[in-house]
Amino acid sequence: MSHFDFVVLGSGPAGRRAAIQAAKLGKSVLVVDDRSKVGGVSVHTGTIPSKTLRETALNLSGWRERAFYGQGYRSKAVIESADLEQRIAKTFDYEVSVLEHQFARNGVQTVNGRGHFASPNQIAVVREVGDSRVEEMVEADKVLISVGTKPFRPDHIPFNQTNVLDSDSFILQPRMPRSLTVVGAGVIGLEYATIFSALDIPVTLIEPRERLLEFMDSEIVDHLVHSMRERGITLRLGCSLSHVHFSEAGSPICQLKDGRLIGSEMVLFAAGRVGATSGLNLAACGVEADERGRLKVDRKTFQTANPNVYAAGDVIGFPSLASTSMEQGRAVACHAFGNPIEADDQKPPYGVYAVPELSSVGMTEDDARAAGISYECGIARFRETSRGHIMGLESGILKLICNRDTRQLIGVHVIGEGASELVHIGQAVLNLGGTIDFFVENSFNYPTLAEGYKVAALDLWNRLQVHPAEISHEAATDRDNQPSKMAAA
């Protein structure tokens, strides 16, 4: 029986970072993954292929140039499924080669097989060798479960790998349907709905909740909804799917619980994911998964109920981001081998790679109100910046939220071109406890979209000049008794 200091189940963002960190600490490491190549969900069916698809769609469709050349402009007149597949395959090969090199350079061993617990410190690895299955036992001092998630596939949905697909099969063989219905307006559903809309494919989005992306700032989400409706995406919010049946021609028809029918050439079911833990035999190590296959951990150490068994990444639930999963994996390796990382209260950014992009860090307006913080907001519109005009941007905003009393930055929210890049400037200032004065007093390269920080901060500065304490009691009373313009209208 082989013995390792550290066995990692899964080679996604959490698993790879944990494995390499443990190897750098001088530990023997084995990574077990049931896919033919390393990378986990992130490289095979998640982050990397979906973002590659987005970039391919925007480039081939000429989406970014349409403000100048018209809505009919395209970089490639006829976009085919092969165009989408080609770039995804090239990116996949590159990502896998980089990861394989990192493992080899750090002495991390890998094995292609299905791992499951035989006892608290023993992992059985089942490998396919020709037509035979071979089981090998591995002993480990510490184990990390980082197997990620898989699409939720309810029994009443007739998945067929042809025109009713889950998000994994959808991206493995991307196609150009004549029309698309997306069920579920979470991050994955929104991204695919808006990407294919950018390819001029009619899209209908079904979501049982009344509001999209409840963890994002409502004003930013309203901007997204307006953009989606303006370009023809049909939104069915507050509507639940009853079932899917097929027309005589074999096309799927979604029937909503209110009786409405939605026909399209293809249906993407993207209503949630579940932890890929069903085959791990968790009972053998004293760990239990919840009803969605996810594992409960100590959020400081990432230990499960068994202190020698850790879990990290999407399998432990929110925030389910590749960026945070990597840091969780590194924290696991450090804690497991006596190099604990001190927990901090730094806030990670969230990114939604829809068209347009959304990204945020820190508090939303709702968060600030719930916390009882006196706050103010400042806005910069991309179209009003020189760089935005040069790029032909007709939409996009950068929003700053600060504590009115201290001027400290408490929230940054961006929608539009490069949002997931721009947010990091605000992230640094926010996590370092900075104020909006940083943006007011410093110069930004001109012309850039980052200049929007200065514009938004100056907008905030203007709003902060009138302080509630400066308003006379009589004026405040008179103001409070006046009906608002909105109410009067």
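Predicted model: local features only at pLDDT ≥ 70, side-chain atom pairs only at ≥ 80, totals over all residues.
Two residues are in contact here when heavy atoms of each lie within 4.5 Å.

**The cores**

Leaving aside residues up to four places away in sequence, L9 touches V32, G115, F117, I123, V143, L144, I145, S146, V147 and L280. L9 is also among the residues with the most contacts inside the largest nonpolar core, together with F6, V7, F117 and I145. That core has 49 residues. Several elements give two or more residues to it, including strand β1 (2-9), strand β6 (132-145) and helix α9 (322-336). Which element supplies the largest share? Helix α1 does, with six residues.

Is L144 buried or exposed? Buried means under 20% relative accessible area, and L144 is at 0%, so this residue counts as buried. L144 sits in strand β6. Beyond residues up to four places away in sequence, L144 touches F6, V7, V8, L9, A14, G15, A18, Y310, A311, A312 and V332. The C-alpha atoms of L144 and G329 are 8.5 Å from each other, although 185 residues separate the two along the chain.

S197, a residue of helix α7, has a relative accessible area of 8% and is therefore buried too. Its side chain makes a polar contact of 3.1 Å with the side chain of R231. Not counting residues up to four places away in sequence, S197 touches V203, R231 and I233.

Here are the two residues side by side:

| Residue | Element | Relative accessible area |
|---|---|---|
| L144 | strand β6 | 0% |
| S197 | helix α7 | 8% |

Helix α7 (residues 187-198) lies across β9 (180-183), β10 and β15 (266-269), and runs at about 165° to β10. These strands belong to an open sheet of five, ordered β8-β15-β9-β10-β11, with parallel pairing. Which strands stand at the edges? They are β8 (164-166) and β11 (234-237); each has a single partner strand, so one side of each is left without a neighbour in the sheet. On average, neighbouring strands of the sheet are turned by 20° against each other, direction ignored.

Between β10 (residues 203-207) and β11, which run parallel, there are four bridges. If you want a place to look, T204 stands opposite T234 in β11.

How values were computed:
Residues numbered from 1 in each chain as written. Heavy atoms only, no water. Core = buried A, V, L, I, M, F, W, Y, C linked by side-chain atoms within 4.5 Å. Buried < 20%, exposed > 50% of the residue type's maximum accessible area, 1.4 Å probe, protein only. Pairing = 2+ DSSP bridges. Axes fitted to C-alpha atoms, helices over the stretch in contact; angles between N-to-C directions. Polar contact = N/O pair within 3.5 Å; in protein donor to acceptor, adjacent residues only side chain to side chain.
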